[in-house]
Amino acid sequence: VAMASEVLSAYAGTGDGQAYIARGVTDAQNSAAVRVLLLDIIDRATGAKLPDAWRDPMVKCLDDTDKTVRWRALEIAATHRYPELSDAVARIADNAQGERKDRLSAISALTTKGDPLGGDRLTLALLSLQPTVEPGARQAAAAVLGRAQIDVAGKTNFAHEFLPKADVLV
């Protein structure tokens, strides 16, 4: 597997290599492990700009039914903050029926230091501070809230409604 990964990584800078990886990462006949390996190659091979050949496949991976594929694609989107993926990531962040972990990861990917955070995204982050929420989600919510700019109304709401119920360890 390591040798195949190295060969594909070397090939990833070429148009043919990018097309091959794009087909493989979206091929449902490939196992999730293979698709995650291909996403790892995309992660290592990209710089400041996502190659055109990988834009649509990455959007499809962000919507994948397999959690490991979806989470790895979200992690890449969060790490590189590709503008080409912003709309797809925003759809995940704003999907009220989506999984909390996915939505918080997407909100995190969209929120850099000083960005305003409000509405449903702020509410989700605040609700995720409660001790009954999975610890990783609480930490992700705290990180988002620490980076975001929250207006006075949001801070007041936070202080009165959410802070008394929050996990003191976060």
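Guide: A helix here is a DSSP run of H or I with at least four residues, and helices are numbered from the N terminus. Leu-104 lies in one such run, helix H7. Note that this is a predicted model.

Visitor: What secondary structure does the protein have, and in which order do the elements run?

Guide: The protein has ten helices and zero strands. From the N terminus on, the elements run α-α-α-α-α-α-α-α-α-α. The C-alpha atoms fill a box of roughly 55 × 25 × 25 Å along the principal axes.

Visitor: Why is Leu-104 called buried?

Guide: Buried means under 20% relative accessible area. Leu-104 has 1% relative accessibility, so the residue counts as buried. Buried residues make up 39% of the 170 residues in the protein.

Visitor: What is Leu-104 in contact with, leaving aside its neighbours within four places in sequence?

Guide: Contact means heavy atoms within 4.5 Å. By that rule Leu-104 is in contact with Leu-124, Ala-125, Ser-128, Ala-137, Ala-140, Ala-141 and Val-144.

Visitor: Why is Pro-164 called exposed?

Guide: The label exposed needs over 50% relative accessible area. Pro-164 has 63%, and is therefore exposed. The residue lies in the segment after helix H10 (152-162). Not counting residues up to four places away in sequence, Pro-164 touches Phe-158 and Ala-159.

Visitor: Which residues line the largest pocket?

Guide: A lining residue has an atom within 4 Å of a point of the pocket. Those of the largest pocket are Trp-71, Leu-74, Glu-75, Ala-78, Lys-101, Leu-104, Ser-105, Ser-108, Glu-134, Gly-136, Ala-137 and Ala-140. Helices H5 (67-80), H7 (100-110) and H9 (135-147) each supply at least two residues of this lining. The space in the pocket is about 230 Å³.

Visitor: How does the lining of the largest pocket divide by class?

Guide: There are six nonpolar, three polar and three charged residues. Gly counts as polar in this scheme, and Gly-136 is part of the lining.

Visitor: How do you know that Lys-101 lies over the face of Trp-71?

Guide: NZ of a Lys must be within 6 Å of the ring centre and within 35 degrees of the ring normal. Lys-101 lies at 3.6 Å from the ring centre of Trp-71 and is listed as over its face.

Visitor: How many aromatic pairs are there?

Guide: To pair, ring centres must lie within 6.5 Å. By this rule the count is zero.

Notes. Residues are numbered from 1 along each chain as its sequence is written. This is a predicted model: local features need pLDDT of at least 70, side-chain atom pairs count only at pLDDT 80 or more; totals for chains, interfaces and linings use all residues. Side-chain values use heavy atoms; hydrogens and water are left out. On a 1 Å grid over the protein atoms alone, a cavity is a set of points where a 1.4 Å probe fits but cannot get out, and a pocket is an open set with protein on both sides within 12 Å along at least five of seven lines; lining residues have an atom within 4 Å of a point. Grid points are joined across faces, edges and corners, and a volume is the space filled by probe spheres set on the points. Buried means under 20% relative accessible area, exposed over 50%, partly exposed in between (1.4 Å probe, protein chains only). Rings of Phe, Tyr and Trp (its six-membered ring) pair if their centres lie within 6.5 Å; planes under 30 degrees apart count as stacked, over 60 as edge-to-face and the rest as tilted.
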